[in-house]
Amino acid sequence: MSYLGYPDFFEPYIKKVEQTRPARIEKRKKGEEFPFMSLQERQDMLRYHPDYKEEGRREIKVGPSKGYRIAHEFVDLLEAKSRVDPNKVDLSRVDYEADVLVIGGGGAATVAALIAEENGAQVLVATKLRHGDSNTMMAEGGIQAATKREKDSPYYHYLDVLGGGHFKNDPDIVAAFVKQAPDALQWLERLGVMFTKFPDGRLGAMHGGGTCRKRMHYCADLSGMEIMRTVRDEARNRKNIKVLEFSPAVELILNEHGQCAGAVLYNMETEEYLVARAKAVILATGGSGRLHVQGFMTTNHYGATADGIVLGYRAGVPLSFLHTVQYHPTGVVFPEQIEGWLITERFRSEGADVLNVNGEKFVNEREPRDVESARFIKECLDGKGVPTPTGKVGIWLDSPMLDILHGEGRVRTAFVGKWKVYYRLGIDISRAPMLVYPTLHYQNGGLKDNAECETGLPGLYVAGEVTGGLHGENRLMGNSLMDIVVFGRIAGKNATVFAREKARDGELTLKHVKAYHKELKEAGIVADRVAPMLLPDYTTAEVKEKQLTVSYLGTLR
Amino acid sequence: MSTKQRKRKPAKTAVKEEKKIAAKLIPIYIMGKRYEIPEGLTIMKAMEYAGYILIRGCGCRGGTCGACGTVYRKPGDYKLQVALACQKTVEPDMYIAQIPFFPANRATYDFAGLTAAPEEVFKLYPELFRCVACNSCTKACPQGIEVMDAISALKQGNIAQAAQLSFDCIQCGLCTSRCFGELAQYHMFQLARRIYGAMIVPRAQHLTEMVKAVGEGRYDRFLEELKRTKEDELKKLYEEREVEPMAAGEDWKPKDRRYL
């Protein structure tokens, strides 16, 4: 039997939510808010955040950021050897040539490819899965830009970005970001992205956690998918953009002048390693949720395994802000089939309360993500989380409120993606609340770059989640979709200029990989790990025990 | 097919997605071969439980990327069912095959040179009129989109309706795989949505105004000032900034207008 689609187990808990709902609705209607925390209270709350657990990280012993304390999962990948023996790759045999090589196939990569092509470059996009398979595709909430002059401006956007990032962000990068965001949004509008609008064309906009003005624009609850498929469609129209799917880069290639001049690609289906030469390279490989830092579930797509961090780091690019990763407050805890799945912040933006086991509010639902997550974890540690029959614990997100606040059918139409998935599992989220818990969502930091997307390695540009600096120690909702567009465009342009004006011909080399191997050895790191990981391994122990082949001819995938 | 079974070095960083579930085992048939799988898993997790390492047929694992279109049949049932492997829970005796790729005709176009005239779509996709209204596409849609209705709208030149009906299309291609008229519906819808978004819906006037103001350097001074501001002062500005109330309407205006 079930109650509103949930197992009977949940009936008493859901009833508590229903009991407190009418009074909470009244408060909402009157505009009464649960008080926000002060900056000091936020700081104190963060000790419940996984980032602040010292046992979760260690110092990295090699490379340009030696001594930096980051999550074990990252260190494991960085203290690992190349997938290929650098001595065996014949760099004189070039398989692919391009002006600009774009590594990655998500939003930042595709935007960069479009702009590079528009500036006259022959572009090769090499990506691990299919073109478009990325976290961009999964982003739901929206995209931030100050667009309404009568109440908002890049000034306020800047302040919000900094407040979210604990004032640690790179000021130049943030300033470039907030300033170029409106133009980037207009570029998307002209490409045909179906933004949710009023009949006169005015953009719908709402709050996200940590925003002082409603500047989060959106395309129903499929904002990232709509943006991704639109830019991908445009890339498919451009004859000077060539896309190689299932061909991740496994090493960057340098030339004798110390410029980045290509990459070693790996055809995952034929298991060949191939040489791509280019005059400039854009690294836009996205994030790392599939590393499952501290054992957390993730909202990220299958390929989010930090490949770009490994490639860039080995080639000498330092890390920036990688000590923080973002846990999205609202990942599904139950039903099990969709565990870890992201529930967009927009439910909270539209007024859905978050509630403990007693059906009580315990936090404003629009604190910055790290604070909100930490507060959820604390509530559960205090014994006020909602238990599940599978032994987990969660917090209620009271979605049915939205139909009451905004009119019958609001959840069904404004959150069609979510509604359908739950409905298939027998739960109508316009009638029953959702059970959530923080889930690994975003890599706040990454490779160090500047506002021009340049790294310390000439000819190597970076954009999107693989970078660090814009979001400081914590990203706000809606700023990653804008990140990929603003900086994808900048990277595309600057890489093309570099290819045309600064790139020099010269012998290709993987010396940096050999040097890195040497450094690993000298640091006494005895590990049989190889990196990048490329794909996570979900094979069960029972299956592994029986995989007894002595060794493989060819490569280990 | 799209998957390989290989031994790999166990990665220390890998975390099991599968929990030790004391669930009942049920038989499923992956491309005809029988495996016993704990009930409650999705098709995707069931394949991984069986030992498959997916390269194709796996993407976002969240129902939005369209990588894992899957067909299945159950014994004694003539009907071919469709699902996304990352979304559908396994059922006993399912016969499962993934369709990770399906060749589909996609027109290339100079988007900036198009207009919102229906003839543009007809010219790029003349096969649109090969649709015999059999409704197989709709039945094959794992998103529950009224695919045939959206195609009919396109045929009638109603680009707006086609765009709206197809909005949550994940482009998995299952409709195309089942189409009697050999249409690639999802590419046609993509074109319709772009035309709708760019040329039918009115442009945001306030956005144009903001872009112009930014271009004229209106905010440069403010941003330069912020870049130079020390952390303590920034924190003060942050805490004191006026927050638009949640319940505010479109006409809300802040009191402090110095930085607008």
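**Notes on the two-chain model**

1. The contact between the two chains draws 93 residues from chain A and 85 residues from chain B; here two residues count as in contact if their C-beta atoms, placed from the backbone, lie within 7 Å. Please keep in mind that this is a predicted model, where local features need pLDDT of at least 70, side-chain atom pairs count only at pLDDT 80 or more, and totals for chains, interfaces and linings use all residues. Residues are numbered from 1 along each chain as its sequence is written, while chains are lettered from A and ligands numbered from 1 in the order in which they are written.

2. On the side of chain A that touches chain B, the elements giving two or more residues include α3 (72–78), α6 (154–164), α8 (223–237) and α14 (416–424) of chain A. The most comes from α7(A), with 11 residues. Helices (H or I, at least four residues) and strands (E, at least two) are DSSP runs, numbered from the N terminus.

3. By class, that side of chain A has 40 nonpolar, 22 polar and 31 charged residues. Ala, Val, Leu, Ile, Met, Phe, Trp, Tyr, Cys and Pro count as nonpolar, Asp, Glu, Lys and Arg as charged, and the others, Gly among them, as polar.

4. Chain B has an open sheet of five strands in the order β3-β2-β7-β5-β6, with mixed pairing; two strands pair if DSSP finds at least two bridges between them. At its edges stand β3 (33–38) and β6 (81–84) of chain B, each with a single partner strand, so one side of each has no neighbour in the sheet. β5 (residues 69–73) and β6 of chain B run antiparallel and are joined by four bridges, and Val71(B) stands opposite Val82(B) in β6(B).

5. Helix α1 (residues 43–50) of chain B packs on this sheet, touching β2 (25–30), β3, β5, β6 and β7 (95–98) of chain B, and its direction makes about 105° with that of β3(B). Axes are lines fitted to C-alpha atoms, for helices over the stretch in contact, and angles run from 0 to 180 degrees between N-to-C directions.

6. In chain A, an open sheet of three strands has the order β14-β20-β22, again with mixed pairing. Its edge strands are β14 (319–320) and β22 (467–468) of chain A. Ser320(A) stands opposite Gly446(A) in β20(A).

7. Lastly, Gly456(A) lies in the loop between β20 and β21 (460–462) of chain A. Leaving aside neighbours within four places in sequence, Gly456(A) is in contact with Gly316(A), Val317(A) and Pro318(A). Gly456(A) is partly exposed because 15 other C-beta atoms lie within 10 Å (20 or more would be buried, 12 or fewer exposed, with C-beta atoms placed from the backbone).
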